Each structure stands twice: as C-alpha cells, then as structure tokens.
Amino acid sequence: MKTMKLLSRIPILLTAVAVFSFTSCKKDNDELSNSTDSELAVYRSASQDFEQSEDLGNNIDLLSDEAARGHFGPGHNQGMLSPCATVTHDTISVPHILTIDFGPVNCQGIDGKWRRGMIVISYSGHYFDPGSTRSLSFQNFYVNDNHIEGTRTVTNNGLNSNGNMNWNIDVINFKITKPSGVWHERNSSRIRTIISGSGTPTPWDDVYLISGTSNGTNSNGHSITATITNDLRKEMACHWIVSGTVEITPSNRPTKILDFGSGACDNQATITINGVTHIITLH
C-alpha cells in the first residue's frame, strides 16, 4: 500500500481537464458552424469555463501534493511552488492541517503563474488508507489575479467488488472570478478507481477509471451539464485521457458526445452533435 503518497493522487481530479479541452478546433470544423454566432458563443464559453476550472483545479491539486511531500522548488519533479510560499504542516491535530501561504502580494511560481493567498488542506489518514478523507479550501486565494473559491473533497471508499481501490471526488461551488468581474462556477461528483500501478512507489504507472457528472453556470446566465457515459481511462504516463465518452449539454441546446477514442495516447478525439461527427484536437 502506497502510504508514502499522502496526496499524490489528488491531481487526477484534474485530469478531467481534458474532458472540456476541445475548444481549440477551427470554426469551419465546429459542430455549430452552421448555427448562429450567439449559439456558437454559448458552446465555446461554457467549454472554456469548464476547461479553466479543470486546469486550475488540477494545478491546485499538484501544489497540494508537492507541499505534502515536501518536494518543491528547483531540482524536484514538479517544482511548482515558489520560494516565497510558506508551507505549514500540522500532524498533531486531527484532522491534520496542511497550509500553503503565498502571502498577500502576488508571488510567481516556478511554473510562471502568479499566486497570492492560501490553500488549506484538512486530511485524516494517507491517501491509500480506506476511510481517509481530505478537503481543500481557499482563503483570499488568487491565480493570475483570478479569485478562487469553493471546496474539493476526496474520500477513500476502500476496495470495490473487483478488488480495486476507489475514491469519491466532490467539487463544491468551485468558483473562478476573473479580474473583469466575470465568473463561472461548477459542481462535480466523480468516482475514481485505480486499476493498475497501486503496488509501486511511482505514480507514473498508475491507471484510473473515472465516472460521474458535473454541472455549472456563469455570470452570463449560461449553464451546462456533463455526464460520463463510458468510464474515462486516465493513464498517468499520458497527458490526455485515452478512452471514454462524455455527454455535454448546454442549457436549452442539443447534447453533444465527446469520445476520446479506443486507447491510444494522442490528442485526438471526436465530437458528435445531431448525428454529425467531427475530429477535434485537445489542448
């Protein structure tokens, strides 16, 4: 059991970033190229909102993992935490508290992003301990002047009927407010199951299946829901999700189906709307 990986698996929650990273396709190959500009804007805005949420969520999880293991700064694998970040780890209180304080003024990380404020992680037990929980919250936290609010929780469910360990991943009111005042918010509920790699100390051979749903809204009044219809397969050695399908539905608009393929590690996927399928390139 990987007790050394205190928070090393949290980053997967972000791996769902790929689910909504399809907005880079060209307009002439867009599933709504024959629709009105306003309809197209709604689809693209909703997709971009979810993409930013997943990207920032993943980034936050990586920071938390790095801080928990004490591996930060130049010379480490992740090296995202800036030298001015102060990490405080209270292992006496229950639940334990891990705090990452970037200070009140923007501080640039090794990854080039500017941050200020605090990330607070409350946890009980190691990531691979059945019944362990952890919750991430924020105090005046900003990334590149985007204000981040909400909570992220992870609960270890133990072994399922197939003998594989799985976790509930819940994102509650994860809100991002841009410097302009425009905001978007989402909630999601996932089950993440590890099917390979749990017996080794490295995370890079781990393989996960992800299921669940999400929904969100933004300051323009647009909303969107997403349901994973075939489990997403995330291989940590690959940047993208390698297989699985998702149904994505903006409010009062047709549902589109995002398909990540049959298992190849590449940045190609397909999007289908009203029976028409288009090849897209993921970020």
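A residue is called buried here when its relative accessible area is under 20%, exposed when that area is over 50%, and partly exposed in between. With that cut-off in hand, the reader can turn to this predicted model, in which 47% of the 283 residues of the protein count as buried, and in which one helix and 14 strands are found.

Part of its surroundings can be named by following the pairing on either side. Strand 10, which covers residues 223–235, pairs with strand 11 in the antiparallel sense over seven bridges, and within this pairing Thr227 has Glu247 of strand 11 as its bridge partner. Strand 12, made of residues 256–262, also pairs with strand 11 in the antiparallel sense, here over five bridges, and Thr245 stands opposite Asp259 of strand 12. Strands 11 and 12 together form a hairpin with five residues between them, and in that turn Asn252 has a positive phi of about 60°.

Leaving out residues up to four places away in sequence, Thr245 touches Thr227, Ile228, Thr229, Asn230, Leu232, Ile257, Leu258 and Asp259. Among these residues, Thr229 is joined to Thr245 by a polar contact of 2.7 Å between side chains, and a side-chain polar contact of 2.7 Å also joins Thr245 and Asn230.

Thr249 lies in strand 11 as well, within residues 243–250, but this threonine is partly exposed, because its relative accessible area is 24% and the buried class requires a value under 20%. Once neighbours within four places in sequence are set aside, Thr249 is in contact with Ser223, Ile224, Thr225 and Thr255. Thr225 is 24 residues away from Thr249 in sequence, yet their C-alpha atoms are 5.3 Å apart in space. Towards Thr255, the side chain of Thr249 makes a polar contact of 2.6 Å with the side chain of that residue.

The view can then be widened to the whole protein. Among contacts between residues at least 6 apart in sequence, 49% join residues at least 24 apart. The accessible surface of the protein comes to about 12,100 Å², and 51% of this surface belongs to carbon and sulfur atoms.

Technical notes
Residues numbered from 1 in each chain as written. Predicted model: local features only at pLDDT ≥ 70, side-chain atom pairs only at ≥ 80, totals over all residues. Heavy atoms only, no water. Helix = DSSP H or I, 4+ residues; strand = E, 2+ residues; numbered from the N terminus. Buried < 20%, exposed > 50% of the residue type's maximum accessible area, 1.4 Å probe, protein only. Contact = heavy atoms within 4.5 Å. Polar contact = N/O pair within 3.5 Å; in protein donor to acceptor, adjacent residues only side chain to side chain. Areas by Shrake-Rupley, 256 points an atom, 1.4 Å probe, with all protein chains shown as cover. Pairing = 2+ DSSP bridges.
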